Amino acid sequence: MSDPNDARWMAAALALAARGLGRVWPNPAVGCVVVRDGRVVGRGRTADGGRPHAEAVALAEAGSAARGATAYVTLEPCAHHGRTPPCAEALVAAGVARVVVAAGDPDGRVDGRGLAILRGAGIEVTTGVMEAEARALQAGFLSRVERGRPFLTLKLATTLDGRIATASGESRWITGPAARAHVHARRAAFDAVMVGAGTARADDPQLTVRGMGERPQPVRVVLARALALDPALGLVRTAREVPTWLVHATGDPAPFEAAGAACIRVLETAGHIDLPAALAALGQRGLTRVYCEGGGTLAASLLRAGLVDRLECYTAGAAIGADGIPALGPIALAKLADAPRLRLAETRPLGPDTFTAWEP
């Protein structure tokens, strides 16, 4: 039986869950709020690194007040034994009277089993409250479970005429401070930041989250087919400080592994890294959300392969001209009807620049 306040408390649980994005992989970012007599007695999100789970954190805060209370959980409570007991059993043991769940968990170890445990214990269960919002928040986890690869967001920072650098390669800074700060906030919400070998060689970017205090850093992923990278690059030299993964098809991984980088070998197709295979390999290692800041060649290849789940553009009010470097490399379209089409999902000003987000 639904309650008119269910959406209110679930929204609070979703806000908690969102704080875990980029910090809890390979687990989903889950939020839980325990409510008794109209008052929150416990709240929690999945902790950094994935343990403890949100329900365990919220129940620990609630203590004895959890008995007879309602627990609002953004994803079906887990039903399998791992390093900790199942959250469904923890809710039963705590004596909650009702559990409200936003979305089911398609993981084969859960997938209805968590709800069955709760119902089997006589707990009232309500599902589907703010389900669309929960699934949007869990897009990365759901992508890894259902498609075998992480959710991929492609980021572009361009001039009005779609250029990312001058003919000489100068690109700092096309956009202003507000847009750059927004990029760091976006990086913080992802498990990994990815670029191609060309960007790594040309810019040697840090690909870290800065200006947001102490926090876990996203994994740095470089797609480098033949590992044609200088081991002296900062990306490589700091691999023991910030996790760095090099995805390749050929080449000698020894000097990079000696520096602390992980080298992941995948298949190649027509002399290029097989992109679906690369993303599948990242998913197998637990990544759920990848933020791609690669150059025009990688961006075009991902779009052409249909692997972009969200495109985020930062557009500056400047023009470079046709001699500048374009944001997208060749896509090899035979006709306009074959062009990738996206829907505008969000737009907002960021200082003098404009942010737009597009989805398939």
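**Core and charged pairs**

Mentor: Start with the largest nonpolar core: it has 53 residues, and M10, V34, V96 and V99 are the ones that touch the most other members. By nonpolar core I mean a set of buried Ala, Val, Leu, Ile, Met, Phe, Trp, Tyr and Cys residues joined through side-chain atoms within 4.5 Å. Helix α1 (residues 6-18) supplies the largest share of this core, 6 residues. Keep in mind that this is a predicted model, where local features need pLDDT of at least 70 and side-chain atom pairs count only at pLDDT 80 or more, while totals for chains, interfaces and linings use all residues. Residues are numbered from 1 along each chain as its sequence is written, and side-chain values use heavy atoms, with hydrogens and water left out.

Zoom in on V99. Setting aside neighbours within four places in sequence, V99 is in contact (heavy atoms within 4.5 Å) with A71, V73, L91, L118, I123, E124, V125 and T126. There's also a second, separate core of 30 residues, with L154, A192, L279 and V308 among its members. In soluble globular proteins, nonpolar side chains tend to be buried together.

Now the charges. The whole structure holds 17 salt bridges, each one a side-chain nitrogen of Lys or Arg within 4 Å of a carboxyl oxygen of Asp or Glu. Take R187 and E293, whose side chains meet at 2.6 Å, N to O. They sit 106 residues apart: R187 is in helix α7 (residues 177-188), and E293 is in the loop between β14 (289-292) and α12 (296-304). Helices (H or I, at least four residues) and strands (E, at least two) are DSSP runs, numbered from the N terminus. Both R187 and E293 are buried; that's under 20% relative accessible area, with exposed meaning over 50% and partly exposed in between (1.4 Å probe, protein chains only).

Next, R310 pairs with E359 in a salt bridge, their closest N and O atoms 3.0 Å apart. R310 is in strand β15 (residues 310-315) and E359 in strand β18 (residues 353-359), so this pair ties together parts 49 residues apart in sequence. R310 is buried at 13% relative accessible area, whereas E359, at 24%, is partly exposed.

Then there's R348 with E346, a salt bridge at 2.7 Å between the closest N and O atoms. R348 is partly exposed at 35% relative accessibility, and E346 is partly exposed at 24%. Follow the shared partners and the salt bridges join R186, R310, E312, R343, E346, R348 and E359 into one network.
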